[in-house]
Amino acid sequence: MTERDPRFESSFMDDYFAEADEHLLAVRRCLLALDGVRAADVSSAVLEELFRSCHSLKGISAMVELREAELLAHHMESGLRAIRQGEVAPDAANLETLLAGANALEAVIVARRQGQVPPSEEATIAALRRLAISPAGTGTPVTATAPLDGPRGWRATFVPSAALVARGIKVDTIRARLLEVGKILSVTPNVQANGGIAFEFDIQTEDEAALAALSPDGVFYAPAGEPAAPVTAEAPASIDEPSSGPRAREVASAAPGNFVRVDLGRLDDLMRVAGDLVVTRSRLEDTLRRVERHVPAREFRLLQEHDSLMERQLRDLRDGIMRVRLVPVGEVFRRMPFVVRDLARDSGKRVQLEIAGQSTEIDKFLIERMMDPILHLVRNAVGHGIETVERRVAAGKPPDGTIRLSASTVGESVIIEIADDGAGIDLEAIAQRAPAKDMRTEDGALDARVLLDIICASGFSTRDEADRISGRGVGMDVVRGTVDELGGTLDVDTERGRGTTFTITLPLTLAVIDAIIAHVGDQTFAVPQSAIHEVIEVDPGGLRALERNELLTYRGRALPMVRLSRLFRINTTTRPRLHAIVVGTGLSAVGLLVDRVAGHREIVVKSIGDPLIHVEGVSGATELGDGRLVLILDVAALSRNVRERPRSGERASA
Amino acid sequence: MTDKSNSTEPAKTQTYILFGVAGTSYAVLSRQVQHMEMVEQVTPVPNAPPFVEGVVFSRGQIVPVINLRARFGFERARLNQRTRLLVVQHGTRSIGLLADEAREFLTIADTSIQPPGDAIGNLSGNYLDGVATLGERIVLILNIREVVESTPIAAA
């Protein structure tokens, strides 16, 4: 065969993407581990791993002919070689350049994955090139590795100010004094975030005390490779991972384990077969029930025992496959420190990121789909949640904002929380954007559901200009859409001045769920049990019509009803009793009115992808034991439907 | 409008599957058909476009079913023993086409297919790739893309 088999090629590319992902993750982990470490303390093992990962990225990118990635990896490798050979210091500026390189690499690879033209990374490549060839450029000579008794390398930073000038102290004065102290290797003027200027002197001297003596004159110093402490007005994000322990140790633990890498598609096939088995077994159970009368009781009991044994074994099989698909959420969380760090730096805020529950396991498919939504919520937390340092201090809060990203398992669900201690959501601003909505309940409390409906409406933003932080990628509507689609729920809790917490509850895995089977006319639907609060019997005479809604007074409250027969245009006969499936609680509770509920089943969820049959209120389909296909109701969309209906009524009459 | 007679070799023939809808013979390229099956029941999908009969499971897949009678503007008919579901490939999608009957494979030379002229501007006219004349028989060649996509899908 001379032609390339496209299937082979696509699986080849999948392998490439998976491998590139791993290396990129390693590169970032290592860069983070180097961040803020004194040049002398830089672990050679970390440098070695960085170098190896870049080298691998270069090699595999060349193999798939992704030139841009190959080039970037090549220049990162060259830069790292210079650092490893002690020609260049791994200082903050240089790490920044390398991090930019890693970001550019990812952008290029993601573009290829999505079949897009890779972005131009000329500037990044140029910066990397400068890093590799000119130690005196953005790079800093490594002198910290010199013997301690000899002259050591320092970076002295002088920030001119009006007060100093008044005392006759200017940069030339400082330069002259520093020349007396030691040997000046280079001087770099740096523009600060606040528009001011700082001069960085790289200097070699044995006399630290002489440097210290200059501090009343506006000179701060630090060993080369570390930023001089007081000049952090540009607000570097301090990243903290309390649960991960010392950074260097985390990196060192990346030892090869006893693992196989399995294509998710193969696991899907296995899961599908297991799912088919579940259906076959329930068919068998149906058949058993029918033949019961014709089989001697003793034999029938045996049949039943085998059947229930098989049910248990199938459950074990499914659980086993499911466990293989579970991965720690840490894989996604680990990227967040970089995101927060970049955003905080760009916006001049100070943010601490706390991460907890990284080892919480969740279905690989689910967490991959959740990557962008989590990213968006974290970006929002930095962009909209956390205030500027001045505002925080003025409000009596610590200058550093905290974002807490945590995951935990509760029963069959995984809960992911993104919490910030920022300003909270500005309800007044939101109310102005959505005047039709009344967000207050009778007792004045905020209805979180309504708030969510508003901020998750497509195109919603409280800021007029889409800023860099929140204005790119997915929006809140996509966040909620993804969570809904995965069978999860999204909640928000916000308090003015105290912060905002988004809570995402996801099923541990997809595939098999418990459901209630309900009939409407001659049609049958499945309702995911996780969404059901309770099932109640309803006397149709007790329903009150209120404009276009029907309400049931239940436990002293008005419970809005969705009559499925009406919504889905299904012919039904009048019945003396109906069943209402109550979903949600409190103000967001809605009753789904059906003819009758016919018990509980374990169902295998298949998603509906084709646009011809992608309708609101239906999230998927399943096959019952008798071979019939049954639609699974999208409870979240249905209850939204009833909440939004009054608004469309207003529009119609306007 | 595609003109098959100019774009292909004169002697080229292709295999089609013939099926009937409301007394008329239609054909689709057999390589576009994944498989054919009998249907007992189609689950209706509420608020789907009117020509969508519903959804079935076919070989482990969820497949939307287009009722060709409804699509061409005929009265719907009750499903029976002769009703067939042709599961066709359209891009990455699998779509079921509900036909009254489907029985034979047929090889048709490209030269016997003419573009659908205005004269055949009947109900299914918009959904045709061409008209094949085979002796006394007239077979309408179906354009699957048009059948699946031609009207805007009802807003979800």
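Biologist: Which residue in strand 7 of chain B is the bridge partner of B:Gln89?

Modeller: Strands of a sheet pair through backbone hydrogen bonds, either parallel or antiparallel. Here the bridge partner of B:Gln89 in strand 7 of chain B is B:Ser94. Strand 6 (residues 84–90) and strand 7 (residues 93–99) of chain B run antiparallel and are joined by seven bridges. Helices (H or I, at least four residues) and strands (E, at least two) are DSSP runs numbered from the N terminus, and two strands pair if DSSP finds at least two bridges between them. Please note that this is a predicted model: local features need pLDDT of at least 70, side-chain atom pairs count only at pLDDT 80 or more, and totals for chains, interfaces and linings use all residues. Residues are numbered from 1 along each chain as its sequence is written, while chains are lettered from A and ligands numbered from 1 in the order in which they are written.

Biologist: What is the order of the strands in the open sheet of chain B?

Modeller: The five strands of this open sheet follow the order 3-6-7-5-4, with mixed pairing. Its edges are strand 3 (33–38) and strand 4 of chain B, each of which pairs on one side only. On average, neighbouring strands of the sheet are turned by 30° against each other, direction ignored; axes are lines fitted to C-alpha atoms, for helices over the stretch in contact, and angles run from 0 to 180 degrees between N-to-C directions.

Biologist: How many residues does each chain bring to the contact between chains A and B?

Modeller: Chain B brings 18 residues and chain A brings 21 residues, a contact being two residues whose C-beta atoms, placed from the backbone, lie within 7 Å. On the side of chain B that touches chain A, strand 4 (52–58) and strand 5 (61–67) of chain B each supply at least two residues. Strand 4 of chain B gives the most to that side, with four residues.

Biologist: Which strands of chain A pair with strand 8?

Modeller: Strand 6 (residues 351–356) of chain A pairs with strand 8 (residues 401–410) in the parallel sense over six bridges, and A:Gln352 has A:Thr402 in strand 8 as its bridge partner. Strand 9 (residues 413–420) of chain A pairs with strand 8 in the antiparallel sense over eight bridges; there A:Ser408 stands opposite A:Ile415.

Biologist: Is A:Met310 buried, exposed or partly exposed, and why?

Modeller: A residue is buried if 20 or more other C-beta atoms lie within 10 Å of its own, exposed if 12 or fewer, and partly exposed in between, with C-beta atoms placed from the backbone. A:Met310 is partly exposed because 15 other C-beta atoms lie within 10 Å. A:Met310 is found in helix 11 (residues 297–325) of chain A. In helix 10 (residues 264–291) of chain A, the buried residues include A:Met271 and A:Val278.

Biologist: What is the mean pLDDT of chain A?

Modeller: Where pLDDT, the predictor's confidence in each residue from 0 to 100, is low, the predicted coordinates should not be read in detail. The mean for chain A is 76, and 80% of its residues reach 70 or more. Over residues 135–149 of chain A the pLDDT is below 50, and this stretch has 46 contacts in the model beyond near neighbours in sequence. For residues 646–654 of chain A, where pLDDT stays under 50, the model has four contacts beyond four places in sequence.

Conventions
Expected span 1.5 Å × (residues − 1).
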